[in-house]
Amino acid sequence: MPYLGSEDAVRELRRALSNPNVQSDQLRYRNTILKVIRLPSLVEYVEQPLTAGLKDRAACVRRVAVLGWAKLHNLQPNSEIDAAVVNELYTLLRDPDPVVMVNCLRALEEILKEEGGVAINKPITHHLLKRLKESDVWGQCEVLRILQRYRPQSEDELFDILSLLDASLVSPHPPVMAATLSLFLSLCSGLPAVNLAALERVRAPLLAACGSVSREMRFTALCHIQLLLRSLPGLMGAHYKRFFCGYAEPAYIKQRKMQVLVELVNDENVAMLLDELKGYCTDVNADTAQAAISAIGRIGRSYSDRCLEILTGLLGLKQEHITSAVVQTMRDLVWVCPQCSDTVCLALEGCEETLQDSQGRQALLWLLAVYGERISSAPYTLEVFIDGVRSEASLGVKMELLTTTMRLFLCRPAETQDMLGRLLHYCIEEETDMCVRDQALLYYRLLHCGIEETQKVLQGRRSDPSLGVLIGRPAEPISQWACSFNTLKPLRQGSVETESASRGSPEHVTFDPKPNTDLSDTLDCSQTETLLYKLIIFAHKTHVVYKIQCFIIKYPTIYKPTSRAGSKPFGCPRRD
Amino acid sequence: QKLVKAKMISPNCLFCHIIRQRSQRHLIYYHIREIKAANPHNREARTYGIRNFFFVLICRNYKGDVDMAEIDHFLPLLMQHEEEGLLCPVLSHGNVHFMWIKHSNLYLVATTNKNSNASLVYSFLYKLVEVFTEYFKELEEESIQDNFVVVYELLDELMDFGFPQTTDSKILQEYITQQGTKLEVAKSKVPTTVTNAVSWRSEGIKYKKNEVFIDVIESINVLVNANGNVMSSDIVGSIKLKTMLSGMPELRLGLNDRVLFALTGRDKGKTVVMEDVKFHQCVRLSRFESDRTISFIPPDGESELMSYRINTHVKPLIWIESVIEKFSHSRVEIMVKAKGQFKKQSVANNVEVRVPVPSDADSPKFKTSTGTAKYVPEKNMVVWTIKSFPGGKEFLMRAHFGLPSVENNELEGKPPITVKFEIPYFTVSGIQVRYMKIIEKSGYQALPWVRYITQSGGTLIRLQYNMTYCFRNVFYLSKGSDVEM
């Protein structure tokens with residue numbers, strides 16, 4: 001670094017600091033303080049100029065000096081807090097220069113971190129609010145953020161504050177607008193009506209931020225709109241066109257926009273929306289295309305006919321990534337809307353040729369397992385999979401294949417028996433992966449228990465058990481997300497959600513894996529079977545076979561525990 | 001100073017200097033992408049050909065609670081996400097978050113380990129770009145390398161201990177000058193503006209002739225889908241000022257704002273409803289909110305006084321109909337008809353119609369009824385330029401391309417047709433400057449000049465593609481295939 005460390009530099013700095021009138025040269029003062037503040041060895045020389053700096057006539061010196069105290073504290077976090085300095089800083093909150101005022105807040109925040117930051121009382125609050133307009137954007141955000149800590153004493157005072165803040169709520173600067181809204185939400189946490197009105201009021205500036213030139217700002221605005229929509233699904237309904245994607249927009253914006261579009265769908269705009277989404281399905285970016293397809297699937301939960309028509313049409317393109325996404329989407333759709341199954345079964349014929357990736361094939365296998373009796377070609381499709389199992393690389397596909405073959409065997413035994421035998425033989429005798437082998441052994445022993453037991457375990461649900469109870473997602477209370485509003489969190493949230501929603505079987509999405517961690521003996525028997533089934537499915541995704549084993553040991557009626565070490569598997573069902 | 005520069009050029013010298021914003025650090029990344037692929041259709045050659053060189057160009061740690069070395073994780077993360085197509089403006093490594101923006105070939109990265117305010121950070125990064133651009137005309141690697149001292153000085157001035165300080169480039173320019181050596185001499189005098197109540201204008205400005213130029217620029221964004229329906233349209237307008245006035249003048253601008261007219265009870269003539277009005281910080285917002293008066297002390301020189309959006313249904317000013325027929329393995333034929341749907345008296349200048357063509361097209365042939373058409377192979381498009389386009393007129397362009405018999409396997413996007421133009425002396429919304437009052441203590445006479453321009457912000461006409469487009473047996477048609485030439 002050019003001006004730190006060297007002896008010459010230190011000597012010069014020391015000389016500059018020992019000059020009692022160092023602050024009379026304003027720029028030199030600033031430079032000296034800025035440099036020194038990083039050198040612990042010079043700390044003792046700085047205090048005097050800093051104290052003098054606080055009282056200086058020039059605002060720019062005071063600005064530097066105020067933050068200088070914060071830096072000093074940061075250098076020696078354990079040193080005692082000088083009460084005189086703190087008092088001086090509180091006095092400087094009344095400084096005529098708005099930047100000095102805001103810097104004082106920032107410095108006090110830092111110095112008094114242990115005590116919970118700067119103390120905000122009624123006079124300070126009112127003073128800050130009065131002078132809010134004088135500060136620049138950065139200062140306003142800082143003040144608004146710190147004011148969140150204030151609790152008005154009476155309702156009248158609260159409403160006075162709110163009316164003062166009303167202008168900032170529709171500020172053209174997104175950071176100020178967001179900071180004000182955040183303050184509103186924290187001030188009126190007990191007044192839902194006021195909160196709603198505030199949210200209505202920020203709609204226009206938020207939409208404007210969505211059209212801002214900078215893509216990062218657009219992205220941020222979109223993420224925050226997603227937060228708002230969690231509580232107020234109808235907030236942006238009429239403005240759905242603002243969320244149509246532009247050709248040149250980056251994929252992350254397109255995907256967020258689609259997530260928003262899904263929330264905005266209603267009877268009037270569904271045709272337009274689907275038309276638009278259909279256009280995105282053939283996007284060059286495979287991820288965007290897949291996001292569009294799963295968005296259509298989400299809409300399909302309420303408008304299944306139109307969506308299925310589009311999805312079936314997309315299968316006709318015979319594109320690898322599109323077909324895979326469509327099959328996964330269909331699987332998720334059928335799980336919540338069993339009435340779609342007929343169309344889906346028809347559409348599935350012949351799409352195994354285009355499917356390449358493991359996610360897509362897993363989805364296809366799941367569908368074959370659940371609706372095997374209705375898809376006439378199911379055993380033939382399965383046979384292709386089983387013939388290729390040796391070269392199969394994906395663990396997930398192998399596990400799914402086992403389950404599918406088992407379930408298909410239950411409804412179409414004549415056609416499937418032979419291949420089930422081959423598959424089990426391969427998996428037990430030759431497979432090197434423990435998960436697959438264990439799973440195969442489990443099924444094999446299950447078959448030993450008789451067909452009825454097997455059926456009990458394997459005949460799982462075809463649709464979401466919570467269906468019918470819950471229509472649409474309930475609106476969340478605002479307090480759920482108010483604390484993370486206007487921070488980094490919403491930007492990180494959505495991307496994780498979409499990832500988990502687009503992967504894995506539907507049961508996995510809806511099945512809450514938590515109970516898994518503390519399985520208790522208090523479960524009654526009927527629960528046990530569903531749970532076991534769920535666990536099997538769950539194990540496919542997470543490979544926690546050992547947990548099932550522990551579990552099965554508790555319920556030996558289904559599974560006979562055997563020693564696994566070096567055991568040669570029991571004979572396999574062979575076609576003799 | 002020379003020494004400093006020489007050191008910086010060597011990439012392995014991470015000559016970092018420090019900054020932070022509530023525990024954020026700003027770094028400017030330099031990124032060169034070298035593409036050596038001789039044959040762009042050969043995928044293998046392409047992956048080998050691209051080499052990324054990144055190095056930290058400049059770095060300032062404001063608070064020091066994020067380790068300087070953390071930035072080393074940014075590059076691999078960025079590249080990994082880019083490859084997977086999961087790029088996002090926030091990347092995280094452990095508990096450190098990188099918020100980045102890209103400006104030409106530079107990355108500006110802020111790092112934080114707190115749950116900080118994202119919109120504020122991005123605003124600051126953009127402010128940084130704005131200030132640097134004002135200083136160096138263009139923000140790029142060279143301008144930073146040539147001006148390290150000024151850049152550090154600016155970084156210090158813009159932010160202190162993680163908190164943004166003076167960010168107005170006009171003010172900064174008064175005491176941080178381009179020449180590093182001059183800085184030492186000029187140091188002792190801080191401009192009054194730093195402490196002034198009117199922070200955007202210095203005192204004692206003098207002009208021989210007092211004038212103010214007002215530009216009303218409206219750009220219209222229209223998105224037309226393949227069936228010829230207007231999907232969305234809006235007008236984004238801005239009023240720009242070039243002030244050449246002495247002293248501390250007080251200005252008042254009158255527009256034909258509907259809300260104002262309703263307030264004062266007048267309703268003659270055309271009025272407009274403006275949404276999302278944004279003002280320069282000089283405008284007294286409280287007065288605007290109480291009685292819709294736009295009054296201000298203008299900054300000297302050029303500035304954007306306000307911007308607004310009008311959300312009305314506008315028809316595209318230049319209507320495009322196109323027929324694009326692709327005969328696989330042999331040729332593509334394109335016919336585009338452009339029609340001016342604005343007043344006969346007005347003339348659109350520098351009209352540019354950009355029509356996408358397949359990337360493997362060759363041997364272009366054009367026929368136009370006016371203007372010139374040019375093939376831009378690097379962007380895969382035909383650009384049809386018409387210098388002047390009178391309202392109500394109709395023009396045609398025909399293009400013919402050959403296609404190779406062996407086609408590439410790359411998936412191609414479906415870019416829309418874009419239209420660019422500029423119509424002077426005309427605003428779509430009908431906004432008018434009714435008056436501009438200039439009051440100064442000395443009482444001089446000043447002349448306001450007003451100019452109106454309408455531009456296309458991007459009229460996009462999506463093409464209708466057969467769904468089979470994805471695998472190249474393309475045949476794409478747009479509405480109005482019955483156009484005869």
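## The interface between the chains

Between chain A and chain B, eight residue pairs are in polar contact, both residues being at pLDDT 80 or more; a polar contact is a pair of N or O atoms within 3.5 Å, where within protein one must be able to donate a hydrogen and the other to accept it, and residues adjacent in sequence count only if both atoms are side-chain atoms. On the side of chain A that touches chain B, helix 4 (residues 59–75) of chain A gives the most, with seven residues. Helices (H or I, at least four residues) and strands (E, at least two) are DSSP runs, numbered from the N terminus. By class, this side of chain A comprises 31 nonpolar, twelve polar and 20 charged residues. In this classification Ala, Val, Leu, Ile, Met, Phe, Trp, Tyr, Cys and Pro count as nonpolar, Asp, Glu, Lys and Arg as charged, and the others, Gly among them, as polar.

In total, 63 residues of chain A are in contact with 69 residues of chain B, contact meaning heavy atoms within 4.5 Å. The area buried between chain A and chain B is about 6,200 Å², and carbon and sulfur atoms give 59% of this area. Buried area is the accessible area (1.4 Å probe) that two parts lose on being put together, summed over both. One salt bridge is found across the interface of chain A and chain B. In a salt bridge with an N to O distance of 2.6 Å, the side chain of B:Asp160 meets that of A:Lys71.

## Basis of the model

The model is predicted: local features need pLDDT of at least 70 and side-chain atom pairs count only at pLDDT 80 or more, while totals for chains, interfaces and linings use all residues. Residues are numbered from 1 along each chain as its sequence is written, chains are lettered from A and ligands numbered from 1 in the order in which they are written, and side-chain values use heavy atoms, with hydrogens and water left out.

## Salt bridges

Over all chains, the count of salt bridges comes to 33; the rule asks for a side-chain nitrogen of Lys or Arg within 4 Å of a carboxyl oxygen of Asp or Glu. One of them joins A:Arg131 and A:Glu134, whose closest N and O atoms are 3.2 Å apart. A:Arg131 is buried at 10% relative accessibility, whereas A:Glu134 is partly exposed at 46%. Here buried means under 20% relative accessible area, exposed over 50%, and partly exposed in between (1.4 Å probe, protein chains only).

A:Arg374 forms a salt bridge with A:Asp342, with 2.6 Å between the closest N and O atoms. A:Arg374 lies in the loop between helix 19 (358–370) and helix 20 (378–387) of chain A and A:Asp342 lies in helix 18 (residues 341–348) of chain A, so the pair ties together parts that are 32 residues apart in sequence. A:Arg374 is partly exposed, at 38% relative accessibility.

In chain B, the closest N and O atoms of the salt bridge between B:Asp257 and B:Arg292 are 2.9 Å apart. This pair links distant parts of the chain, 35 residues apart: B:Asp257 is in the loop between strand 10 (250–255) and helix 9 (258–264) of chain B, and B:Arg292 is in the loop between helix 10 (285–291) and strand 12 (294–296) of chain B. B:Asp257 is buried at 3% relative accessible area, and B:Arg292 is buried at 16%. Elsewhere, A:Glu383, A:Asp387, A:Asp418 and A:Arg422 are joined into one network by salt bridges that share partners.

## Cysteines

The count of disulfides over all chains is zero, a disulfide being a pair of cysteine sulfur atoms within 2.5 Å. A:Cys337 is in no disulfide, and the nearest cysteine sulfur, that of A:Cys340, is 4.6 Å away. A:Cys337 is buried, at 5% relative accessibility.

Chain A has 29 helices and zero strands, and 56% of its 576 residues count as buried.

A:Ala167 lies in helix 9 (residues 155–169) of chain A and is partly exposed, at 23% relative accessible area. Leaving aside neighbours within four places in sequence, A:Ala167 is in contact with A:Lys133 and B:Glu289. A:Leu75, in helix 4 of chain A, is partly exposed at 29% relative accessibility. A:Leu75 and A:Pro40 are 35 residues apart in sequence, and their C-alpha atoms are 6.8 Å apart in space.
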